[in-house]
Structure formats: C-alpha cells, structure tokens
Amino acid sequence: MAIVSGGEFIAKRMHTDLWPFLARVLEHGVRHVDLQTRSLDSLTIADTIDTGLLRTSEISPELTKSIRILILKALTLIASDNSSKDALRDLVTPAIPIVSKLATSHISSTEVQEAAKKSLASFANVNADELWLHLMLLTACSGEVYTISPPTCAGGRCSLPTIEELLPSCGSSPDKRAVIEGEFARDLLKSLAL
C-alpha cells in the first residue's frame, strides 16, 4: 500500500494509526495468546497490562522474534523504495532509537539484530540527517572521538562549530551498553554514504 500511495495520506496514517502499535511490539514484545482468539488488540504486552509490572513469562519470545523481524523487513522495504519512502517520513524520528536498540541489544536474537541494522541503513533513504544525528550521538556517548572536517564553502572554510561542540557530553566513563552502541554507530556511519 505504501509503494502505491506513498504520499501525504499514507504518511499520516502510518504515523498516527500504525506506528504506535508497531512501536509497542518492537519495544515490549508480544504476549502468549491462543492462536484461535488472537486479535491485534490483545497481541502486544503494552495493550493489555502495565509494562512496569510485566513478567517475562508473559512474553512469547519466538512470536516476538518473528513479528519483530516481519515489522523490520516491512520498514526496510518501504524505506528502501523511492516511491514509498515518504510513507515513513513522519515516523523515522521515533523509529530510529527503537530500532537502534534492537540492533545493539544483547537480548535481541542475531536475526532481529540483522533485520534492525538493515532497517536503520534503509532509514538513510528517508531522512539521512536524522539517522546521522542519532548515530553521532551514540558515538559521542561511547566516549569515542569522531572527527569530521567542516564543509568547505566558497572561498575557503565555513565558520561552523566542530562536531564535538555540537554533541552533548555524556560523561567521562561510558557504560558497556554505550560502548556497544557507539561501536555499532561508528561502523554503520562508515558503511553509509550520508
């Protein structure tokens, strides 16, 4: 549907109607539900119980994994196609951090991590600036120094601040998760032509 319509109407519907459901599945997983009575309304954990009181026994790991992979593949397909990428323009900003966590989480299976990495790379086709900013933030918070030459302007160098001046300080000793996210971000930045 996104490939055929890809315009204003579907972009608004993707963001307001579909993305909240997809985000809950990506963030919280899906519950064990009898296949005969499963409906989308009761599929996600967040739809039926307080996620703060969630017991891991209520999450269906295999169903969660399968559905996450399907969602990520669909997002990748839509974002990669120039005629449909506009359908994601309003939801790429909230999607990038969620998908990034799936790509770097030790809890995610290898298959989910790979699907998430492909989705993130495809988001560059929708909003490369937003992806670049997120990856640079992850890199900075890992304690890694990532230098970028300022752009050249007519007649020489522009008077723009360095990347180090733009990014927030995340502390002097990053935790293990920040280091993993930073390494992932650095590698993805190197692989993309942003």
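Start with the tally: 5 salt bridges are counted here, a salt bridge being a side-chain nitrogen of Lys or Arg within 4 Å of a carboxyl oxygen of Asp or Glu. The model is predicted, so local features need pLDDT of at least 70 and side-chain atom pairs count only at pLDDT 80 or more, while totals for chains, interfaces and linings use all residues. Residues are numbered from 1 along each chain as its sequence is written, and side-chain values use heavy atoms, with hydrogens and water left out.

**Stop one.** Select Arg89 and Asp90. Their side chains form a salt bridge, N to O 3.7 Å. Arg89 is partly exposed at 30% relative accessible area. Asp90 is partly exposed too, at 32%. On this scale, buried is under 20% relative accessible area, exposed is over 50%, and partly exposed lies in between (1.4 Å probe, protein chains only).

**Stop two.** Move to helix α6, residues 110-141. Helices are DSSP runs (H or I, at least four residues), numbered from the N terminus. Select Glu114 and Lys117, which sit 3 residues apart in this helix, about one turn. Which residue does Lys117 pair with in a salt bridge? The partner is Glu114, with the closest N and O atoms 3.7 Å apart. Glu114 is partly exposed at 39%. Lys117 is partly exposed at 28%.

**Stop three.** Select Arg186 and Asp187. Here the side chains meet in a salt bridge at 3.1 Å, N to O. Asp187 has 42% relative accessibility, so Asp187 counts as partly exposed.

Notes:
Helix = DSSP H or I, 4+ residues; strand = E, 2+ residues; numbered from the N terminus.
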